[in-house]
Amino acid sequence: MIRFALRLSLAGGREAATRLAVIATAVALGVGMLLTVLAGMNAAGGQNQRYAWLNSAVAPASPDESADPLWWLTRNDYHHGDRIGRIDVAATGPEAPVPPGVPRLPGPGEYYVSPALDELLRSTPADELGDRFPGRKIGTIGREALPSPESLLVLVGRTPAELEPLGAQRVTQIMTTSPGDCPNGCHVGFNKDAMTLVLSVVAVTLLFPVLIFIGTASRMAATRREQRFAAMRLVGATPRQIALISAVESALAAAVGTAFGFGLFFALRPGLAAIPFTGERFFASDLALSAVDVLVVAFGIPLGAVAAAWLGLRRVQISPLGVSRRVTPTPPRAWRLIPLAVGLAELAYFIGRRPETTNGQLTAFLSGFLLMLVGLVLAGPWLTMTGARLLAGRASRPAALIAGRRLADNPQAGFRSVSGLIVALFVTSVATGTITTFVANRTAPAPASVAATSLSKAFWPEDGPAPTVDQIPAGLAAIPGVRSVTAVRANPDVRGGHGLVTCAELARLEVFGGCPTGDQVAEVPVDLIGMNASDLADGDHLWEAAGIAAGAVDQQPLLSIVVNTTSPAALEQARTILIRAFPQGRFPARGVEWQAESARQLVQFQQLANVVILASLPIAGCSLAVSVVGGLSDRKRPFSMLRLTGVRLRTLRGVVALETVVPLLIVAAVAIGMGFLAAHLFLQAQLEYTLVAPKPSFYLMVVGGLAVSLAIIGLTLPLLRRITGPETARNG
């Protein structure tokens, strides 16, 4: 019986070969995406593990009492907006621990750099970057210590006397725990659980349309297949034999598709590694599969296909004579809208009633989103039926009338092929609306703004004694492109987190605002830029007067030095001078760089949302195309009879096109609208923000994806001429 089933699958004519090819293609696509997500999760874990050594300052004491302590100081530096991880170390003895990726600890006046930073140093003038690192380069950091090929890292050797006053910590072992699992809180890396959750959401969002695609492909020519199995039952085949034949057909197609899926994944792996899912690129070898991943996919997909085939034969198993009996399904009822309405009501209820705890917020908002998602899937057939009835009621052409009536009679079938799309578009619309609004309300400075062209070096009490004005390097103001060097001094009245600037300094350069007329000293924020940069709109802002004479603040300690520049080169030269002159505390940075740190992961999540859009829309188009081909195969004789009665081919093509376009457009519009509404309710409840419209690029991606989907559907229409000729009506 197995040999007979293989002959039916491989030598069953063009229809059998086409069905086998389409199902195998759908499975290959699904397997390729599934393997990509599994490998992405493994790569994120491996990349996070290589961040571990950078957090050695929070490592517990070594159980080896003979280990010599190592002075350790980790800080972030920047160059043209790119973050540079700098680790200063000083050994106290020969048994001090050595970080991974280097053969030995650098001595005073020596340093190791990552390959990416080494290349940057060679292409950048020394006064803009290289002079920040004292001494000479003695080698590069090995790959086992690099989170990414693009990681910018430097390991600088110092003396204990140099590092101890800078706030360095004593380390007796190198951290090996992933930052996502740090018991004491790590400073470098990302939350592995959060990233795994995000990748899992992306996986489900992408795989749902793919599973719909596979299911649609497996139902291709379902009517003729059921009739064939029913005929076998009538000539004596047992239900067990029919089930075995169906299982062999499905398993064969799934096995072929699984094999091609593995090949597709390994062929695309180098390109996939370049996608910065976590904010940094992966090494190609990071996208690895465990033995469990391979076994689950290799055996799980064919077994799933067999199970789906058995479920699809339930009508043939019950009654072989009943297969040909076709009745109009019961139309969907309006109760399907209830879960959607409940989800909306739940999100709206928490506006002004946001739960206090994080767990409470997760429960409130995630349950609301889930209810809306389930409600959209349930309401899909009802919405399709409503749109179809509207189309039929307003039809002025035969094609629209026929398509509307057919969709209204069986909206479940029309919605089924695009049901995966509603999940993808809803999730991405929620993500896009939320991220766009969040970023818009915490706007990064424009390239020419004060926060983008100014550098701030702050001095905090924990960094030690603050310098005075006369300790500012004389060469700082002499750099070509430096417009001003503004000193923010301590307030002798100790009035919170504010400092003092003389009105004479503000008057020399109006971009930092000014003083009310007649005042001598203004009260300003400590860093003057950063989170307060929005107050400096066009230099028109007037700071509150401090009520102190200028002479009373001249010798006060510095709270910060703010350098305003006219060119990127001047800004980096100023940064280098400030780092060398004041090595304590955080390195100088721009406001745009501070804000970039908090927005970095949001941008990556937005990229993942874009991936979902760009992938799910063509997949939905493929599902519809397969559905069209299957429908044409099942309706060859009726369409041929219509052509013999005088119906033009163009009219039949219009019927087929409308039957596919109407569900696609209805689903896209409803899913996007509901996604934006859910995002607005969430933002109002959680942050009291009003939804900001996404950038035009979002709509262009959606329109472009729909256009690709429609183009894929259009490729199936020429089949109509070939399968609806007079011979079909005569021999059907």
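## Terms and model

Angles between axes under 35 degrees count as roughly parallel, those over 145 as roughly antiparallel, those from 65 to 115 as roughly perpendicular, and the rest as oblique. The model is predicted, with local features needing pLDDT of at least 70 and side-chain atom pairs counting only at pLDDT 80 or more, while totals for chains, interfaces and linings use all residues. Residues are numbered from 1 along each chain as its sequence is written, and side-chain values use heavy atoms, with hydrogens and water left out.

## Helix 20 and helix 21

Helix 20 (residues 649–686) packs with helix 21 (residues 696–714) at an angle of about 160 degrees, their axes lying 11 Å apart, and the two are therefore roughly antiparallel to each other. Their contact (heavy atoms within 4.5 Å) is made by residues including L664, L665 and I672 of helix 20 and V702, L706 and L710 of helix 21.

## Helix 10 and helix 20

The axes of helix 10 (residues 338–349) and helix 20 come within 9 Å and cross at roughly 25 degrees, so these helices are roughly parallel to each other. L340, L344, L347 and A348 of helix 10 make the contact with M674, L677, A678 and L681 of helix 20.

## The loop residue S114

S114 is found in the loop between strand 3 (110–113) and helix 3 (115–123), and it counts as buried because its relative accessibility is 0%, where buried means under 20% relative accessible area with a 1.4 Å probe and protein chains only. Leaving aside neighbours within four places in sequence, S114 is in contact with I141, L146, S151, L152 and L153.

Notes. Axes are lines fitted to C-alpha atoms, for helices over the stretch in contact, and angles run from 0 to 180 degrees between N-to-C directions. Helices (H or I, at least four residues) and strands (E, at least two) are DSSP runs, numbered from the N terminus. Buried means under 20% relative accessible area, exposed over 50%, partly exposed in between (1.4 Å probe, protein chains only).
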